[in-house]
Amino acid sequence: MKIKNEDNSFRPLETVEISKAGPGSISVFDGEGRQYVESNAENETNFKISGSLGTHIVFYQDEDGQIQDKLSFEVDCETEIKEDTGKYQELLNRLYDTLFQDWTKGYTKFLRIKEKQYKFYVTWLRDHVHALKGMRYWDDDIKSGIELYADSQREDGMIWDKCKQMCHSEKQTWRDIEFEKGDFVRKIPGNPTRRWMRIPIENDVEYLFIEGLYRTWKACGDDQWMENLLDNAIQAVNYSTSDIYRWSEKYQLLKRGYTIDTWDFQSEDDVQKSSTKTVMRVDPETTEFNIFYGDNTGMAQSCRYLAEMLRGAGRNEEAQEYEDLAENLLQRLNDLSWNGNFYTHMVPENSDVKRDLGDTPTEKQVTLSNAYSLNRSIDHEKCVEIIKTYQQIRNEMPDSSPGEWYNCYPPFEKGFNFDKWEYMNGGVSTITAGELARGSFAHGFEEYGVDILQRIFDLSEEFGGYLHICYKGKLPETNGQANFKCIDIDKVANVDLYGDKSEEVTGWAGGKNDLCNLPTGKQNFKGIDFKIIDPSLNNRQAVLGISRKEGYKDEEILEINDKAETVYFLHTASGDLSGWQNSTLYSGLKNPQELVGEITFSYKDGTEKTQYIQNHEQIESYFLPAPDKVNGDKRRSGPYRIAWQGSNRLFENVGVFAYGWSNPYPEKQIEKIKFKSVDRDVKWFIAGITLSDEKVNFPESKLSFGIPDMWGAGALTYSLLEGLAGIIDDKKGFEKAKIRPRWSITESKEVTACAKYPASNGYVRYYFNNDVDNKKIQMWISGNAKTMEADILLPNNTNVKYIKLDNKKTSKYKIKTFEGSKYLKIDLEGIKVHHLEISYAKDDFIEQ
């Protein structure tokens, strides 16, 4: 007996071929020693793999039941989506990249306290827990991130929300002083550069700790570990529902200062009226507290999580107590904050309090936690209204908005230290998008969920496949439409876009590391028209090359004879752009060592104006240019931007820059422009010149700022895997699972989807095929679960003709209708591969 496949390692659902063994039978056992195949051994045996991952063993028994031979093979898998359009698998790949790139770009990953090492994604507990929604599908070391905050829990049950890293030179910061009252900051013994810190105004930390505990337990499947931390969770709830900083005796709900949603800064008006005089502190005596719905839907959901864990530990009476608390919190909240369409942002404890927030219609503001609440077990009818509210926002939002996924809409006119349409005050985030998409999948708005994911994918396309978390909710309006006039440089061009050697014309400076793929002809970069010469139409002379080097021009004069408010240059450079040793000739300049060249503008009346061109002020090297913004932070603050980025024959990242020169005399006619080199090893290339009748105006980047990108990527990951792919852990470690694929309403007809927890090796993997021509859906499903529930979304306007389960027709299924969506529900028993075949027809089909 032997395995005929070339490789001895497999993934679930793959087929293993076993050679003939002789009279008797073959039995196959999974990684936990559970049998899932039994077959006749006299013939060649083919079987699909299922059951737990690990070492699978094949036994050959003769006709007397005696084991005569055995062999083994390894089974493993990873979280993935593969489908025929490629869009959703690429989206998952981009989410993975965003999660791990963001984690490794500067955040501390490990901390050692009292001989114990902890690992986390971000030093903020909040960010760690939200990132965990995605990271749990790829990371096998997830327990210590929650242990860090359990081990450090304050004596009264409070959870710290940050393990702050201080600079080695810092002895004390303003937070050490401000947070000392109320005991919201402590030094960590043995770690002089670390502080435990709790932003006093925050009231989400305790429920997030419980949520993080719950998600970690689900992924690692370690019951004993979870049970050891249950009392920490109970203490956290008790603190939140009793402490003078956290609990409203008036409303019997969680309270906080007046912040934007769940964020950590309160309004400037509140700061002035309170004794704290800082945006992050609250004072039980002087702060005007409010009921924020997000704290309460979050705590209610975490009480349900806690109840589930308590029942898993056999503590049923306590479990009931927290289930009751969850219901009571939601009932009181609904009576107070639900306005019929969404949860009101803030309800003040003191109804007489007035805040100076400008003309902000606070009663109409829809904030981020409405999207969160969709996934916090509020009733279905409220979820429907919240989803419809976001759809209405989409209809009325500014044309320049990337999506209706606002952190706060409409934004505050005043009162917070953030501009409108930025960050939490009207910014658009992938957090809201991910939570809204997942909620839409769960509440009968599947097509809307798909639409959100598709638009998120398109948004990532604009940023090289990376998913930034926060975007401007509205771009600034421009002062009218500029008129452009492209200046011909055909007669002065002297350098090719290609670097190939030629006796007739100077090639690009870098050889094949050139600009051969720069688009030519009439182009629009950064909203500015440019005319770029096609070298094949101008004797290979496409750009003006200025340099003291052989083959270039030391200087050149170009006739203009026109007026302009702004002159734009499409240009770049090569060579040693920094560290010029003879820069003392230009000592009056800022950073003269980075001088590249000079431009002198001569006017009709004899006036002249010179502009010096310097690296990182008006120009940069064409090779390996960075984006204008990195993670939402401006890289280029001057009047120039990256205009085009592309590849050449050697490298994937080359580019040119657009620089806008503000003409101090727009009323005068510019007669000519003179370009002049400097005596250094640089080459300056001008590919286009354009006049404009408007002031310098580069389109604003869509990117806003704040929040780790992995937070939003986590929300989108679980929206894609649990929502669209529909793989839901119904116990822990996928010991029970629900399979709710929604592919039938997408363009994807063939899909392989897998969700795996590396921390426990629990998984579900399936293959889905929708044969539209023959109106037949087939699925093959594997996993380590003993029982699964399949709820398969049927194509729109169809009904079931028949069902086959494991090649046999069955009537043991149900049809559920949900907001117009139709699901087929069927139970799957055992760890073998389950094969479903669903034949469907249009709704008017009658025969079953």
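1. The model is predicted. Helix α7 covers residues 230-240 and helix α9 residues 293-312; their axes come within 11 Å and cross at roughly 150 degrees. Angles over 145 degrees count as roughly antiparallel, and α7 is therefore roughly antiparallel to α9. The handedness of the α7 and α9 crossing is left-handed.

2. Helix α3 (residues 144-151) and helix α5 (residues 205-220) have axes that come within 10 Å, with a crossing angle of roughly 145 degrees. This crossing of α3 and α5 is left-handed. On the α3 side the contact uses I146, Y149 and A150, and on the α5 side F209, G212, L213 and T216. The contact of α3 with α5 has 5 nonpolar and 2 polar residues, and no charged ones.

3. Helix α13 (residues 430-442) and helix α15 (residues 709-724) come within 7 Å, axis to axis, and cross at roughly 15 degrees. Angles under 35 degrees count as roughly parallel, so α13 and α15 are roughly parallel to each other. Their crossing is left-handed. From α13 the contact takes T430, I431, A433, G434, E435, A437, R438 and F441; from α15 it takes W711, G712, A713, A715, L716, Y718, S719, E722, G723 and L724. The contact of α13 with α15 divides into 10 nonpolar, 5 polar and 3 charged residues.

4. Which strands pair in the hairpin that has G190 in its turn? They are β12 and β13, with 2 residues between them. Strand β12 spans residues 185-188 and strand β13 residues 191-197, and the two pair in the antiparallel sense over 4 bridges. Within this pairing, K187 has R195 of β13 as its bridge partner. In the turn, G190 has a positive phi of about 85 degrees.

5. An open sheet of 4 strands has the order β26-β34-β28-β29, with antiparallel pairing. Strands β26 (555-562) and β29 (608-614) are at the edges; each has a single partner strand, so one side of each is left without a neighbour in the sheet. From one strand to the next the twist averages 20 degrees. Inside the sheet, β28 (residues 595-603) and β34 (residues 670-677) pair in the antiparallel sense over 7 bridges. S602 stands opposite K672 of β34.

6. A further open sheet has 5 strands in the order β36-β37-β41-β45-β44, and its pairing is mixed. The edge strands are β36 (727-729) and β44 (814-818); each has a single partner strand, so one side of each lacks a neighbour in the sheet. On average, with direction ignored, neighbouring strands of this sheet are turned by 25 degrees against each other. Strands β37 (residues 736-739) and β41 (residues 787-793) run parallel and are joined by 4 bridges. K738 stands opposite E789 in β41.

7. How many aromatic pairs does a search of the whole structure find? The number is 46. In the pair of F623 and F651 the ring centres are 4.8 Å apart and the planes lie at 70 degrees, so the pair is edge-to-face. F623 belongs to the loop between β29 and β30 (629-630), and F651 to the loop between β32 (640-646) and β33 (654-662), so the pair ties together parts that are 28 residues apart in sequence.

8. Two backbone features in loops deserve a check. Y409 and P410 are joined by a cis peptide bond with omega of about -10 degrees. P410 is in the loop between β19 (408-409) and β20 (428-429). N539 is not a glycine, yet has a positive phi of about 55 degrees. This asparagine, N539, is located in the loop between β24 (528-532) and β25 (544-546).

How values were computed: Residues numbered from 1 in each chain as written. Predicted model: local features only at pLDDT ≥ 70, side-chain atom pairs only at ≥ 80, totals over all residues. Heavy atoms only, no water. Pairing = 2+ DSSP bridges. Axes fitted to C-alpha atoms, helices over the stretch in contact; angles between N-to-C directions. Parallel < 35°, antiparallel > 145°, perpendicular 65-115°, else oblique. Left-handed = near helix turned anticlockwise from the far one by under 90°. Contact = heavy atoms within 4.5 Å. Nonpolar A, V, L, I, M, F, W, Y, C, P; charged D, E, K, R; others polar. Phe/Tyr/Trp six-rings, centres within 6.5 Å; stacked < 30°, edge-to-face > 60°.
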